[in-house]
Amino acid sequence: MAYSFTPFPVLTTSRLILRRVRESDWPELLALRGDKNVMLYIPRPLVTTKEEAIEHFNMIDSKIEENLGINWAITRKGEDKLLGVLGHYRLQPENFRSEIGYMLLPEAHGQGIVPEAVTAILKYGFEHMQLHSVEAVIDPENAASEKVLQKLGFVKEAHILENEYFDGRFWDTVIYSMLQRNFKPLYE
């Protein structure tokens, strides 16, 4: 199975528009990827300059162009400011599976934005990408992310001990997953 993200699918929910990330979003990408608290559970280097933020945008955009992954900017209806980014990563077309990931600016935390946005990309994944299953890989200490996944109906598949090395230490990962047949949208 091959994917095509052209034309880019803009998704809407009752409160949100999920649009393509643009180079002009670099200040928000810098704020997201450069925030130690946002990145606390993500074993990746901090983005600290405009150039690094634009480089991150270019990586996101090239994956879309090459149909290797798809990311959306999370925005509120009527406002164009990027509040976060989410998408389908590490596509496994041969297994009809993807990994999802999401991050949100601190100013937008606690408003139910992530579950609403994740519901929209799950629906897209199951209906348009014909996925059979979706996984989310999180740090076991990331209670907020775990709560979102459980709320949406994901189940814990595995806790893998010290399988990733970053910044001088080994990190555990927890895998949550959802099968297409178990998808019950909480939001429209």
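**Close-up legends for the predicted model**

**View 1. Arg181 and its position in the chain.** Arg181 lies in the segment after β8, where helices (H or I, at least four residues) and strands (E, at least two) are DSSP runs numbered from the N terminus. This is a predicted model, in which local features need pLDDT of at least 70 and side-chain atom pairs count only at pLDDT 80 or more, while totals for chains, interfaces and linings use all residues. Residues are numbered from 1 along each chain as its sequence is written, and side-chain values use heavy atoms, with hydrogens and water left out. With a relative accessible area of 59%, Arg181 is exposed; here buried means under 20% relative accessible area, exposed over 50% and partly exposed in between (1.4 Å probe, protein chains only). A distance of 33 Å separates the C-alpha atoms of Arg181 and Phe57, which are 124 residues apart along the chain.

**View 2. Overall fold of the protein chain.** The protein chain contains four helices and eight strands, and their order from the N terminus is β-β-α-α-β-β-β-α-β-α-β-β. Its radius of gyration is 16 Å, close to the 16 Å given by the globule rule for 188 residues, so the chain is as compact as a globular protein of that length. The radius is taken over C-alpha atoms, and the rule is 2.2 Å times the number of residues to the power 0.38. The C-alpha trace spans about 40 × 40 × 35 Å along its principal axes. Of the 188 residues, 46% count as buried.

**View 3. Aromatic pairs.** Rings of Phe, Tyr and Trp (its six-membered ring) pair if their centres lie within 6.5 Å; planes under 30 degrees apart count as stacked, over 60 as edge-to-face and the rest as tilted. By this rule the count comes to six aromatic pairs. The ring centres of Tyr3 and Phe5 are 6.1 Å apart and their planes meet at 10°, so this pair is stacked. Tyr3 and Phe5 are both buried. A tilted pair is formed by Phe126 and Phe183, at 5.4 Å centre to centre with 50° between the planes. This pair links distant parts of the chain, since Phe126 belongs to helix α3 (residues 113-127) and Phe183 to the segment after β8 (169-179), 57 residues apart. Phe126 and Phe183 are also buried.

View 4. Tyr124 forms one aromatic cluster with Phe8 and Trp72. Its relative accessible area is 9%, and Tyr124 is therefore buried. Leaving aside neighbours within four places in sequence, Tyr124 is in contact (heavy atoms within 4.5 Å) with Ser4, Phe5, Pro9, Leu11, Trp72 and Met129. The C-alpha atoms of Tyr124 and Leu11 are separated by 8.3 Å, although the two residues are 113 residues apart along the chain.

View 5. Ser133 has a relative accessibility of 4% and so counts as buried. Not counting residues up to four places away in sequence, Ser133 touches Phe96, Arg97, Ser98, Phe126, Met178 and Leu179. Across the protein chain, 63% of the contacts between residues at least 6 apart in sequence join residues at least 24 apart.
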